[in-house]
Amino acid sequence: MNDNELKALISLLDDEDREVVEHVEQQIRQMGGQMIPFLEAEWEGSFNPDLQKRIEEIIHDLQYESVLDRMRDWKNGGAMDLLEGLWIVATYQYPDLSLSKLKQDIEQLFYDVWVDFKPDMHPDEQIKAMNSAFFSKLKFAPNTKHFHSPANSMINQVLESRRGNPITLCVLYMLIAKRLNLPVYGVNLPNLFVLTYKNSNGVQFYINVFNRGLIFTTKDIDQYIDQLNIKRLDTFYQPCTNADIVRRVLRNLTLAFEKNGDTDRVREVEKILQTVQDDGDGLPLSDYTQR
């Protein structure tokens, strides 16, 4: 169909015959995301609230299917780009969000840190410099006032507000650290997401970004796990994967919508989560926890 034919098809959504409307709606859904601009144009030109609502539902469903497809492709492609994974999560609420714009924002953060950074520093000094830049210069901080807000799981919102939960703050900290060639990785602790500095010379310690970059040790993790009365697992000490991080972000988002009583969005986010699960794998304890 050409543009005029597509516009004519969409105009039939206002037909008085319910069977015609259902058939047209089915055709539009089959055509997918390419129909969204035409649907938006029809919505803007309509004065019928029922038609506008129907169009809004179709647009949402098409955008949602796009999120599912992107996340499935990201996971099946090896989940190589962490920022892309977080971008896909954010497009659930911000469908027009630009990945290239996010990359530019991260690059700017890197330059803001790099100008004050010396690569020949000792690992402890490198992290102290990172902490100073991240919390004092860039003004990132925990969102303790609205801890369970869905915005804390949206990378674009955290970049804008400079407030986030443990995992989104860790992700931004880690993305900057990677650009500085620092061996910093995510660690899936129960109830708290942290980072580890782990280089090829055997140096390893941990960073609690939610506590302004507090450095701690393996023994501290031992004590933390023992206090929770759970078994010490390797996953509590070693770097996790990009897919692990995105899964945990999605679980946080599910919890946020549960707190708001938004059951429809809970179901939708759970379905997104299913696309990034490992087939047949049981979830580690840390994946069940929120934060």
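Trainee: Is Arg29 buried, exposed or partly exposed, and why?
Mentor: Arg29 counts as partly exposed because its relative accessible area is 31%, where buried means under 20%, exposed over 50% and partly exposed in between, with a 1.4 Å probe and protein chains only. Before we go on, note that this is a predicted model, in which local features need pLDDT of at least 70 and side-chain atom pairs count only at pLDDT 80 or more, whereas totals for chains, interfaces and linings use all residues. Residues are numbered from 1 along each chain as its sequence is written, and side-chain values use heavy atoms, with hydrogens and water left out.

Trainee: OK, which side chain meets Arg29 in a salt bridge?
Mentor: Asp61 does, with 2.8 Å from N to O; a salt bridge here is a side-chain nitrogen of Lys or Arg within 4 Å of a carboxyl oxygen of Asp or Glu. The pair links distant parts of the chain, since Asp61 sits in helix α4 (residues 49-76) and Arg29 in helix α2 (residues 18-31), 32 residues apart. Helices (H or I, at least four residues) and strands (E, at least two) are DSSP runs, numbered from the N terminus. Asp61 is also partly exposed, because its relative accessibility is 29%.

Trainee: How many salt bridges are there by that rule?
Mentor: The count comes to 14. Among them is the one between Lys128 and Glu125, whose closest N and O atoms are 3.8 Å apart; both residues lie in helix α7, 3 residues apart, which is about one turn of the helix. Another joins the side chains of Asp262 and Arg265, at 3.4 Å from N to O.

Trainee: And which residues do salt bridges with shared partners join into one network?
Mentor: Glu25, Arg29 and Asp61 are joined in that way.

Trainee: Switching to strands: in what order do they come in the open sheet?
Mentor: The order is β3-β4-β5-β6, 4 strands with antiparallel pairing, and two strands count as paired if DSSP finds at least two bridges between them. β3 (184-189) and β6 (214-216) stand at the edges with a single partner strand each, so one side of each has no neighbour in the sheet. On average, neighbouring strands are turned by 35 degrees against each other, direction ignored. These axes are lines fitted to C-alpha atoms, for helices over the stretch in contact, and angles run from 0 to 180 degrees between N-to-C directions.

Trainee: Which helix packs on the sheet?
Mentor: Helix α10 (residues 218-227) does, touching β3, β4, β5 (204-208) and β6, and its direction makes about 20 degrees with that of β3; a contact means heavy atoms within 4.5 Å.

Trainee: How many bridges join the neighbouring strands, say β3 to β4?
Mentor: There are 6 between β3 and β4 (residues 192-198), and Asn188 has Phe193 in β4 as its bridge partner. β4 and β5 pair over 4 bridges, with Tyr197 opposite Phe205 in β5, while 3 bridges join β5 to β6, where Asn208 stands opposite Leu214.

Trainee: Which residues take a positive phi in the hairpins?
Mentor: In the hairpin of β4 and β5, which has 5 residues between the strands, Gly202 takes a positive phi near 90 degrees. In the hairpin of β5 and β6, which also has 5 residues between the strands, Arg212 has a positive phi near 55 degrees.

Trainee: Is β5 mostly covered or mostly open?
Mentor: Mostly covered, as 4 of its 5 residues are buried.

Trainee: What about Thr254, is that residue buried or exposed?
Mentor: Thr254 counts as buried because its relative accessibility is 8%. Thr254 lies in helix α11 (residues 242-259) and, not counting residues up to four places away in sequence, touches Val266, Val269 and Glu270.

Trainee: Last one, how much of the whole protein is buried?
Mentor: Of the 291 residues, 47% count as buried, and the protein has 13 helices and 6 strands. The C-alpha trace spans about 70 × 45 × 35 Å along its principal axes. Among contacts between residues at least 6 apart in sequence, 61% join residues at least 24 apart.
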